[in-house]
Amino acid sequence: MENQYQCTKKVHSLVEQLKVGLKKNINFTVQNTLATKLLQCIFEDMIQMRASKINLQPDNNDLLMYQYIDGILYKYCTCDKNIANTLMLNLKLMAKLETTKKYLPQYGQFSLDIASCIIDIKLSILPFKHGEAAILQFFDNSKNLKKLDDLGMLNNTYARISSLLKKTSGMVFIAASTGQGATTTVYAGLQDLNQTKVKIINIADPHESHQLPALPYIEQRQTNLNTSLNHELCSALTQKPDVVSIGAIQGDKELVDTSLNAATRGHLILATLHAVNTVASVSRLVDMGVKLNLLSMGLHAIIAQHLVRKICTVCRTTYQPNQQEKARFNLLFPSISLENKILYKGAGCAHCHHTGYYDRIGIFEVLILDKALKKSLSNCNMALFKELAQKKLLGYTLQDNLIHLVFTGTTSLFEAQRSCYFNYSY
Ligand SMILES: [Zn+2]
C-alpha cells in the first residue's frame with residue numbers, strides 16, 4: 001500500500017467538526033448535515049484523484065479509509081471511529097437501504113452530482129468484527145463509453161477481436177481476473193456492434209456489472225431476486241437476437257451449457273469469465289463440469305486481458321537496468337535479455353501524485369479456435385489442446401504484449417513484474 005494520495009484539508013476539517021459535534025451530542029439533523037457534507041467532500045476527492053473505489057473499514061480504534069487508484073490500494077484517511085456509525089447511516093439513507101439492520105450485508109446504489117458530473121455510486125456494506133465496512137464504487141456517466149480502438153490494443157489484437165465480433169454465431173469469452181476490465185471490453189465490443197442491422201440484447205447482473213448506458217439499438221435486461229442469468233438468457237433467446245451479452249459466468253454450468261447451445265444455433269454470445277489466461281479459461285470451464293464436446297461445438301474464441309499501469313507521460317524518464325533488475329527480470333522472462341536495453345519509469349510529479357503512473361492500459365491475448373483445437377476438445381484431449389494453443393499463441397501472449405509495453409515505454413519493468421501472475425498456468 002502506498003501513501004502518496006492523501007485526503008484534503010476540507011475533509012480533515014469536516015471529520016473534526018463531526019467528531020466534536022458527536023461528543024457534544026449535537027442534534028440528529030446537524031449530525032446528518034455534517035455527515036452528508038463530509039461524504040460529498042470525500043467523493044469530490046475521489047473524482048479529483050481518479051479513484052475507482054473507496055473502502056471504509058473500522059478497526060479496533062479508528063475508521064480507516066482507503067482508495068483504489070489505477071487498481072492500487074492507497075491509504076486515504078484515518079478518522080475517529082465514533083463518526084463511523086453516522087457515516088454508515090448516511091450512506092444507507094443515500095442508497096435507500098435498511099438503516100436499522102446492522103448485521104446484514106446490504107447492497108445499493110445512488111447517483112450524485114459531484115464536481116458538475118453525474119456520478120453513479122454502487123455501495124456494498126458488510127458487517128465485520130469491529131463494525132460495518134463499506135465499499136463504494138464510482139462510475140462517471142459523463143465519460144463516453146470506450147470503443148475497442150480506445151483500449152490501447154496492438155493492431156494485430158484489434159484486428160482479430162474486430163473480426164471475431166463480426167461472426168454470426170459462436171461463443172466468445174472475455175477472461176480476466178476481477179477488476180481487470182473485462183466488462184469494459186465487452187461494452188466496447190457492443191458499442192462497435194451497435195447498429196440497426198444487428199439485434200443485441202445485454203443481460204446484466206446488477207451486483208456484477210454497471211448498467212450499460214442507454215444505446216439506441218441495444219436492449220437491456222437485468223436479473224433480479226427472482227430471475228437468474230440463465231433464465232434471462234432463455235427468455236432473451238425467444239426474441240431471436242443476433243448477439244447476446246450475458247455478463248459474468250460465476251461457476252454456473254447450466255448458464256454455460258445454454259450459452260454454448262445457443263452459440264451453435266446462429267447467435268453470437270459474449271460472456272466474461274474469471275480466469276488468468278485463455279488456456280486457463282478452458283480448464284476453468286471443464287472444472288465447472290462443462291463437456292468438452294459441447295465446448296468444441298459452441299466455443300469460438302477466448303480473449304484474455306489484464307490491466308497494467310501506464311507510466312506518467314509528464315515525468316517519464318529513461319534508465320539502464322542494473323544487475324539486480326536484470327536477474328529478477330530473467331527469472332520471469334528467461335527468453336528475453338535486458339542487455340543494452342533502455343527502460344522507462346516515472347520519476348514522480350504533481351500530475352501523477354508522485355506515483356510515476358497515470359491511468360491503465362489493457363494487455364490482451366486472443367485464442368480463436370481452429371479445426372485442430374476444436375478436434376482436440378471433441379476428442380477430450382486437453383493435453384493436446386494446451387499444446388496446440390501454446391503454439392498458436394506463440395508471440396501473441398499476454399506476456400508478449402506486456403514486454404512490448406515495457407520496451408516502448410508505456411509501462412515499467414516494476415509494473416510488469418508486479419502484474420505478471422497470468423503466465424503460470426499456460
Ligand atoms: Zn508524473
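Me: Two strands pair if DSSP finds at least two bridges between them. So what makes β8 and β10 a pair?

Reply: This is a predicted model, and in it 3 bridges join β8 (residues 200-204) to β10 (residues 243-249). Two would have been enough, so the pair qualifies. The two strands run parallel. As for Asn 202, its bridge partner in β10 is Ser 245.

Me: Which sheet has β8 and β10 in it, and in what order do its strands come?

Reply: An open one of 7 strands, ordered β9-β8-β10-β11-β7-β12-β15, with mixed pairing.

Me: What makes β9 and β15 edge strands there?

Reply: β9 (218-222) and β15 (357-368) each pair on one side only. Going from one strand to the next, the twist averages 20 degrees.

Me: How do you know that β1 and β6 pair, and in which sense?

Reply: Same test. β1 (residues 51-58) and β6 (residues 131-140) share 4 bridges, and the requirement is at least two, so they count as paired. The sense is antiparallel. Along the way, Leu 56 stands opposite Ala 134 in β6.

Me: Which residues of helix α7 are called buried, and why?

Reply: In α7 (residues 253-263) they are Leu 255, Val 256, Ser 259, Leu 260, Ala 262 and Ala 263. They get the name because each has 20 or more other C-beta atoms within 10 Å of its own.

Me: How do you know where around α7 they sit?

Reply: From their arc: they cover only 160 degrees around the axis, which puts them on the same side of α7. An α-helix has 3.6 residues a turn, so residues three or four places apart point the same way.

Me: What are the domains, and how do they meet?

Reply: Domain 1 is 9-140 and domain 2 is 148-419. Their centres, taken over C-alpha atoms, are 33 Å apart. On the domain 1 side, they divide into 3 nonpolar, 1 polar and 2 charged.

Definitions and conventions. Residues are numbered from 1 along each chain as its sequence is written. This is a predicted model: local features need pLDDT of at least 70, side-chain atom pairs count only at pLDDT 80 or more; totals for chains, interfaces and linings use all residues. Domain bounds come from an automatic or database domain assignment. Ala, Val, Leu, Ile, Met, Phe, Trp, Tyr, Cys and Pro count as nonpolar, Asp, Glu, Lys and Arg as charged, and the others, Gly among them, as polar. A residue is buried if 20 or more other C-beta atoms lie within 10 Å of its own, exposed if 12 or fewer, and partly exposed in between; C-beta atoms are placed from the backbone. The arc is that of the directions from the helix axis to the C-beta atoms. Axes are lines fitted to C-alpha atoms, for helices over the stretch in contact, and angles run from 0 to 180 degrees between N-to-C directions.
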